[in-house]
Amino acid sequence: ERLKELFSSWDDSGDGKCTAEEFMKHLSDQKTQALLRSMEIEGRDAVTLFQLLDDDSSGEVDLNEFVTGCITLRGPAKA
């Protein structure tokens with residue numbers, strides 16, 4: 001649920017997708033920083049994170065790609 005809320009806050013256009021530009025614009029947000037820390041990702045690696053989440057290489061991340069990617073990336077980090 002928190003991931004959905006965070007994604008919605010990034011989706012400035014309201015089209016259900018987050019572009020790299022929208023993502024980068026929100027990097028300094030407190031919630032975004034908390035997500036990055038929880039995934040042990042440095043802010044400077046955010047572009048790489050976006051590319052990893054963009055499963056179909058469309059230049060946009062939809063909610064499903066975002067949630068699935070975050071869960072996948074978090075898994076090994078905790079193990």
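This is a predicted model: local features need pLDDT of at least 70, side-chain atom pairs count only at pLDDT 80 or more; totals for chains, interfaces and linings use all residues.

Me: Why is the pair of F7 and F66 called tilted?

Reply: The ring centres of F7 and F66 are 5.6 Å apart, and the planes meet at 35°. Stacked needs an angle under 30 degrees and edge-to-face one over 60, so 35° makes this pair tilted.

Me: What makes this pair a tie between separate parts of the sequence?

Reply: F7 belongs to helix α1 (residues 2-10), while F66 sits in helix α5 (residues 63-78), so the pair links parts that are 59 residues apart in sequence.

Me: How do you know whether F7 and F66 are buried or exposed?

Reply: Buried means under 20% relative accessible area. F7 has 3%, so F7 is buried; F66 has 1%, so F66 is buried.

Me: And why is the pair of F23 and F50 described as tilted or otherwise?

Reply: Their centres lie 5.5 Å apart and their planes are at 40°, so this pair is tilted. F23 is in helix α2 (residues 20-25) and F50 in helix α4 (residues 46-53), so the pair joins parts 27 residues apart in sequence. With a relative accessible area of 1%, F23 is buried, and F50 counts as buried at 7%.

Me: Which residues form one aromatic cluster?

Reply: That cluster is made up of F7, W10, F23, F50 and F66.

Methods: Residues are numbered from 1 along each chain as its sequence is written. Side-chain values use heavy atoms; hydrogens and water are left out. Rings of Phe, Tyr and Trp (its six-membered ring) pair if their centres lie within 6.5 Å; planes under 30 degrees apart count as stacked, over 60 as edge-to-face and the rest as tilted. Helices (H or I, at least four residues) and strands (E, at least two) are DSSP runs, numbered from the N terminus. Buried means under 20% relative accessible area, exposed over 50%, partly exposed in between (1.4 Å probe, protein chains only).
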